[in-house]
Amino acid sequence: MTGTPVLGPDRPSQSMEGSSTLQEPGAGAEFPQNFFRRRRSRLLRTQRGAAITSTVSTVTVIGAIIVAFLLAPGSRQVRATYFNLHDMWRAFIGDPHEGFYSVGKGLVVNIEMFMIGEVLILVLALVIALVRQSRSPVLFPLRMLAVAYVDFFRGVPLILVLLAIGFGLPALYLPVVSTQSAFVYGVLALVISYSAYVSEVYRAGLNSVPFSQIASARSLGLRPHTAMRYVVLPQAIRTIIPPLLNTFVSLQKDTALVSVLGAVIEANRAAEIYSSTVFNYSGYTVAAILFLLLTIPLARFTDHLIARDRGRRLAGVT
Amino acid sequence: MRSEPVRPAGSALRIEGVHKSFGENHVLKGIDLAVDTHQVICLIGASGSGKSTLLRCVDLLETVDAGRIVFFGHDVTRDDIDGILVRRQMGMVFQSYNLFPHLRVLRNVTLAPVKALGMAPADAEAEAMALLGRFGLADKARDYPERLSGGQQQRVAIIRALAMHPKLMLLDEVTSALDPELVGEVLDVIRELAANGMTMLLATHEMAFARDIATRVVFLEDGVIVEEGPPEQVFDSPVDERTKRFLGRVLSAGRL
């Protein structure tokens, strides 16, 4: 009878059939033991098998790609053009006398654009999100403006915003507005475009704070802006840190698009100049590697935060 | 807040003909209720009878559709009344505690005194520590709310409301979300407040507690006050059929 509970008491007809089979001498006593041993070993075998299968298939696919690359008719040519170590090094350090700039130094410009842009984006996006979340009728026109802004700049490709600002504003011949450096226009375009996205991230965070939190802040006699600042916003920001960092991984590499303005010698532009001077594309490979060195740590950090957040939430359940 | 030898009773709250609807749902259908200072009024009734809505209307978290709410002689339902200033004089405690999860216990208690009343942080902290100590939570001051049991969290929520020196406490089923073994510690806090003369209007499902603590018990059904009176009268010899039926159901559920 030891085997019957396995079949479950809620299915009487099956358990009847089962018990009649299991009542054969010996089978009933042996069944659970066999069941567990076989099940466990099969499980281990399946897991190990799956691990081996996935490793083999991954290695096979990657190997096939490498082999295809090496055996391709133009392989030698491509390797010399994109992966020439000598050219990669020369592009990295640059040589002003030969007429090309250092991709490494260019990356510093990318980092500058990223850092300045990031701060401005965080501030502007927050303002847009708060305006959109406001209920005050006085702010209605501003609210409509914020909606239009987000709709517009989320929809227009960044590169078009860059071109419009980088070449459009100087063409206006206005004081101050038209006399800035390409660096400033580049950062401005990044800020305008990204703040539209990031304001939506903020808004999602603000909406994730339960209404009961707002009710209890109100019941304590806090004014709406005080409740927003000390109760709602801190909780909202905590939730949106991972998606914000994710957006910033993307911002980091999109700083390369500022190269379309020509006058900002950031990494991508330096690689472009190198390739047109020496007719070798290895500078681009250097730029790609440098961008990866920047974005991968930030991506891993984001993963870490997400995992920690999930761990906390799971711990909260128990 | 300390008990005084003489307690001059005055009107703390008068609710006059209050109506409240949410869309088609007519929740409060003309409520009249008076609370004098140092009284403890218990609202009882089934879920959906309007107890919570009434408390939220008193705290001006909801605007009433008709009727008046007079708080220490001031009609607070008038258009030119700043609800925020009124709420600073009332303490509200919710069923689900609603502590601020990102702030430590001490900061939960001092936030409103500092940010709403403009108290000096050091003074607010000293007072908050005294309150936490009085209710046995001094050692939790530096913890985040999630580290506390439900009963402890609800006690902190009560202390957070007390830190504003409210003239009236509104308690909305403050033990309903708690595990049974944690209900007692929260009720003890409310008992102490009552003993010290706090004016309270509370919605509760704890009938034994209501009988014990209430100056008056008010039975609501379907948005109207069906019966009210001293606890012995309402619990032991209810007049209205609906009250009898409700108490019978509570009795059979083993809550009385």
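Predicted model: local features only at pLDDT ≥ 70, side-chain atom pairs only at ≥ 80, totals over all residues.
## Overall build

Let's start with the big picture. Chain B has 9 helices and 10 strands. A compact globule of 256 residues would have a radius of gyration near 18 Å, and chain B comes in at 18 Å, so the two agree.

How much of chain B is buried? Of its 256 residues, 45% are.

## The open sheet

One part to look for in chain B is an open sheet of 4 strands, which runs in the order β2-β1-β4-β5 with antiparallel pairing. At its edges are β2 (25–36) and β5 (74–75) of chain B; each has a single partner strand, so one side of each has no neighbour in the sheet.

Now zoom in on the β5(B) end. Strand β4 of chain B, residues 66–71, is joined to β5(B) by 2 bridges, and the two run antiparallel. Here B:V70 sits opposite B:D75 of β5(B).

## A strand with two partners

Next up is strand β9 of chain B, residues 216–221, which is mostly covered, with 5 of its 6 residues buried. It pairs in the parallel sense with strand β3 (residues 40–44) of chain B, over 4 bridges. To find this pairing in the structure, look for B:L43, which stands opposite B:V218 in β9(B).

β9(B) also pairs with strand β10 of chain B (residues 224–229), this time in the antiparallel sense and over 5 bridges. In this pairing, B:L220 faces B:I225 of β10(B). The two strands make a hairpin with 2 residues between them, and B:D222 in the turn has a positive phi of about 55°.

## A mostly buried helix

Is helix α1 of chain B mostly enclosed or mostly open? Spanning residues 51–58, it has 6 of its 8 residues buried, so the rest of the structure largely encloses it. The buried ones are B:K51, B:T53, B:L54, B:L55, B:C57 and B:V58. Just past the end of α1(B) comes B:L60, with a positive phi of about 60°.

## The nonpolar core

The largest nonpolar core counts 137 residues, and A:V103, B:C42 and B:L201 have the most contacts inside it. Helix α9 of chain A (residues 182–208) supplies the largest share of this core, with 12 residues.

What does A:V103 touch, leaving out residues up to four places away in sequence? Its partners include A:A91, A:F92, A:A267, A:Y274, A:V286 and A:L290.

## Where the chains meet

Finally, the contact between the two chains takes 18 residues from chain B and 17 residues from chain A. On the chain B side, the elements giving two or more residues are α2 (83–87) and α3 (105–115). The largest share of that side comes from α3(B), with 3 residues.

What kinds of residues does chain B bring to this contact? Its side divides into 10 nonpolar, 3 polar and 5 charged residues.

Technical notes. Residues numbered from 1 in each chain as written. Chains lettered and ligands numbered in written order. Rg over C-alpha atoms; globule rule 2.2 N^0.38 Å. Buried ≥ 20, exposed ≤ 12 C-beta atoms within 10 Å, placed from the backbone. Contact = placed C-beta atoms within 7 Å. Nonpolar A, V, L, I, M, F, W, Y, C, P; charged D, E, K, R; others polar. Core = buried A, V, L, I, M, F, W, Y, C linked by C-beta atoms within 7 Å. Pairing = 2+ DSSP bridges.
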